[in-house]
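Q: I would like to learn how to read a model such as this one, feature by feature. Could we go through it together, with the general idea given before the particular case?

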Amino acid sequence: MRYVIALGSNRRHRRHGDPRGVLKAALAALDQAGVKVLAASPIVASAPLGPSLRRYANGAALVKSKREPGRLLAVLKTLERKFGRRHGGQRWAARVLDLDLVLWSGGAWSSPGLTVPHPAYRERAFVLGPMLAVAPDWRDPLGGLTTRQLHARLTRPRPAPR
């Protein structure tokens with residue numbers, strides 16, 4: 001099965017360095033955990049959501065795994081903890097590593113704690129932009145639009161309010 005994973009970081013790691021280094025190390029850690037990275041996007045900088053003041057490094061990866069979505073999510077959460085992420089804190093606070101399962105080749109999935117496609121990815125340029133590099137023609141299983149189309153809709157210029 002193929003998946004698109006969104007990666008984000010806005011805190012240094014004692015071993016991997018700045019957020020860009022964290023994302024590079026996370027890609028290697030995915031491979032070591034048996035999640036084959038087929039393609040990785042360039043890393044982009046983005047403004048934070050919520051109360052965090054630190055800019056994010058964001059990326060996307062197209063990966064292959066035999067695991068079903070719930071089991072893959074467990075692997076992603078384990079990797080986040082290994083990188084020092086602690087859950088249960090403030091929502092959208094600064095974090096060393098955030099790994100989100102955005103899409104999978106099986107279409108839509110829902111279980112306690114996991115909804116695929118990721119419910120907010122269509123409204124997030126910091127997710128759709130990197131996804132263009134790894135899955136531009138992947139169709140949203142709910143709306144049928146490609147990543148390219150979703151990104152164009154989100155980022156198209158709009159007239160200024162009068």
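Q: How much confidence does the predictor attach to the chain, and which elements have the lowest and the highest mean pLDDT?

A: Where pLDDT is low, the predicted coordinates should not be read in detail. Here the mean pLDDT of the chain is 91, and 91% of its residues reach 70 or more. Among the elements, strand β3 (residues 44–46) has the lowest mean, 92, while strand β2 (residues 36–40) has the highest, 98.

Q: Which residues of helix α2 are buried, and why do they line one face of the helix?

A: An α-helix has 3.6 residues a turn, so residues three or four places apart point the same way. In α2, the buried residues are Pro69, Leu72, Leu73, Val75, Leu76, Leu79 and Glu80. Viewed down the axis of α2, these buried residues fall within an arc of 160°, so they line one face of the helix. The exposed residues Arg71 and Lys82 are carried on the face turned away from the buried side. The cover over the buried residues of α2 includes β1 (2–9), α1 (19–32), β5 (98–104), β6 (109–111) and β7 (114–116).

Q: What length does α2 reach, and what is found at its N-terminal end and after it?

A: Helix α2 (residues 69–82) has 14 residues and reaches 20 Å from its first C-alpha to its last, close to the 20 Å expected at 1.5 Å a residue. Its N-terminal end is capped by Glu68, which has a side-chain oxygen 2.9 Å from the backbone nitrogen of Gly70. After the helix comes Gly84, whose phi is positive, near 100°.

Q: Against which elements do the buried residues of α1 pack, and what phi does Gly34 take?

A: Most residues other than glycine have a negative phi, and most peptide bonds are trans. The buried residues of α1 pack against β1, β2, β4 (56–64) and α2, and they include Val22, Leu23, Ala26 and Leu30. Just after α1, Gly34 takes a positive phi of about 85°.

Q: Which residues does a cis peptide bond join, and where is Pro117?

A: The cis bond joins Val116 and Pro117, with omega at about 5°, and Pro117 is placed in the loop between β7 and α3.

Q: Where is Ile5 found, and which residues is it in contact with?

A: Ile5 is found in strand β1 and is buried, with a relative accessible area of 0%. Leaving aside neighbours within four places in sequence, its contacts include Leu72 and Leu76, as well as Gly59, Ala60, Leu99 and Val102.

Q: Where is Ser41, and how far is the backbone nitrogen of Ala60 from a polar atom of its side chain?

A: Ser41 is in the loop between β2 and β3, and Ser41 is buried, with a relative accessible area of 9%. A polar atom of its side chain lies 2.9 Å from the backbone nitrogen of Ala60. Not counting residues up to four places away in sequence, Ser41 touches Gly59, Ala60, Pro130, Ala133 and Val134.

Note on methods. Residues are numbered from 1 along each chain as its sequence is written. This is a predicted model: local features need pLDDT of at least 70, side-chain atom pairs count only at pLDDT 80 or more; totals for chains, interfaces and linings use all residues. Side-chain values use heavy atoms; hydrogens and water are left out. Helices (H or I, at least four residues) and strands (E, at least two) are DSSP runs, numbered from the N terminus. The expected span of a helix is 1.5 Å times one less than its number of residues. Buried means under 20% relative accessible area, exposed over 50%, partly exposed in between (1.4 Å probe, protein chains only). The arc is that of the directions from the helix axis to the C-beta atoms. Contact means heavy atoms within 4.5 Å. A polar contact is a pair of N or O atoms within 3.5 Å; within protein, one must be able to donate a hydrogen and the other to accept it, and residues adjacent in sequence count only if both atoms are side-chain atoms. pLDDT is the predictor's confidence in each residue, from 0 to 100.
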